[in-house]
Amino acid sequence: MSQLITQIIYGCTIGAVYALIALGFSMVFRAVGLLNFAHQEFMMIGGLLGYSVLTRLGLPLPVTLLLITAACGAGAIVLDKVGLWPIRARRGPLINAIVATIGWGIIMSNGSMFIWGPYSLSYPTFSQLKPLHLGSIALAPQYLFIFGVGALVMVLLQLLLKKTMLGLAIRASAEKPSTAQLMGVPTNYVISVTFAISGAMAGLAGMLIASLYYASFDMGILGLKSLAAAVLGGFGSIPGAMLGGIALGVIENLGSTYISSTYSDIIAYLILILVLLIRPAGLLGSSGGSVA
């Protein structure tokens with residue numbers, strides 16, 4: 001039983017990271033109706049930049065987290081303004097914008113390989129503390145730290161969306177952009193903020209997940225699991241992205257522990273497909289196309 005509880009907690013840790021990236025997918029989709037296939041590459045850039053800052057500049061971890069978060073948020077704004085906004089401004093077909101995100105993602109991945117090389121880079125350990133023992137359950141401090149950071153960011157995001165004027169503007173623009181613009185909401189500014197938040201969360205998630213596994217130019221593939229998490233929770237739903245990320249992380253970790261790490265991805269995606277066959281809109285999704 002103690003091993004089961006431990007693996008569920010560790011699965012929640014991985015799931016919290018998935019949820020941060022899934023939230024970015026959902027927020028951008030709600031803002032501009034676009035599936036941004038370059039989004040997960042900000043996770044990759046966050047992981048690689050974090051490695052360089054920690055190992056070469058020697059900055060403290062909290063400062064590094066803030067710097068990477070800000071850098072990836074700014075990078076996401078640049079991506080939108082340079083690579084996506086001109087397509088929207090000229091009312092280009094949606095498929096063109098989607099293909100553009102795929103192209104930008106490939107450029108980011110290959111550019112990172114040129115800068116950091118093709119090899120995996122191992123992070124220094126975040127904490128030298130011994131495992132925390134709760135009865136027969138032993139928990140690594142690094143996992144607890146990562147889960148805590150992920151949970152804190154998700155809480156802060158919910159407070160931003162529910163309790164601030166900016167959050168109201170983001171939600172209004174997502175629901176009815178034309179009406180929001182007529183009411184004086186600066187929709188272009190809101191879209192930029194949305195991209196910044198999504199990129200910042202992806203960069204932060206990249207640092208957190210890289211500290212557990214590795215940093216590499218191809219780690220964006222891990223971010224695609226977060227797209228599955230967003231779909232599982234209900235694509236476009238903010239609470240759904242959180243739930244889907246946690247659920248996918250727990251399922252993946254339990255499958256790896258009790259069945260085989262070789263088949264953990266198969267198990268996770270099989271359950272995803274079964275859920276969608278039963279509830280096509282996802283766990284918290286709406287079949288009407290408008291997701292709360």
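What you see is a predicted model, in which local features need pLDDT of at least 70 and side-chain atom pairs count only at pLDDT 80 or more, whereas totals for chains, interfaces and linings use all residues. Residues are numbered from 1 along each chain as its sequence is written, and side-chain values use heavy atoms, with hydrogens and water left out.

Next, switch to a cartoon. The chain has 11 helices and two strands, where helices (H or I, at least four residues) and strands (E, at least two) are DSSP runs numbered from the N terminus. Following the sequence, you pass through the pattern α-α-α-α-β-β-α-α-α-α-α-α-α. The radius of gyration is 19 Å, close to the 19 Å that the globule rule gives for 292 residues, so the chain is as compact as a globular protein of that length; this radius is taken over C-alpha atoms, and the rule is 2.2 Å times the number of residues to the power 0.38. Along the principal axes, the C-alpha atoms fill a box of roughly 60 × 45 × 35 Å.

Now colour the residues by burial. Of the 292 residues in the chain, 51% are buried, which here means under 20% relative accessible area, with exposed over 50% and partly exposed in between (1.4 Å probe, protein chains only). Among the contacts with a separation of 6 or more, 76% are between residues 24 or more positions apart, a contact being heavy atoms within 4.5 Å.

Then turn to the salt bridges, of which the structure holds two; each is a side-chain nitrogen of Lys or Arg within 4 Å of a carboxyl oxygen of Asp or Glu.

Select Asp80 and Arg88, which form a salt bridge with the closest N and O atoms 2.7 Å apart. Asp80 counts as buried, at 1% relative accessibility, while Arg88, at 25%, counts as partly exposed.

Finally, select Glu252 and Lys225, whose side chains meet in a salt bridge at 2.8 Å, N to O. Glu252 lies in helix α10 (residues 238-258) and Lys225 in helix α9 (residues 220-233), so the pair ties together parts that are 27 residues apart in sequence. Glu252 counts as buried at 10% relative accessibility, and Lys225 counts as buried at 12%.
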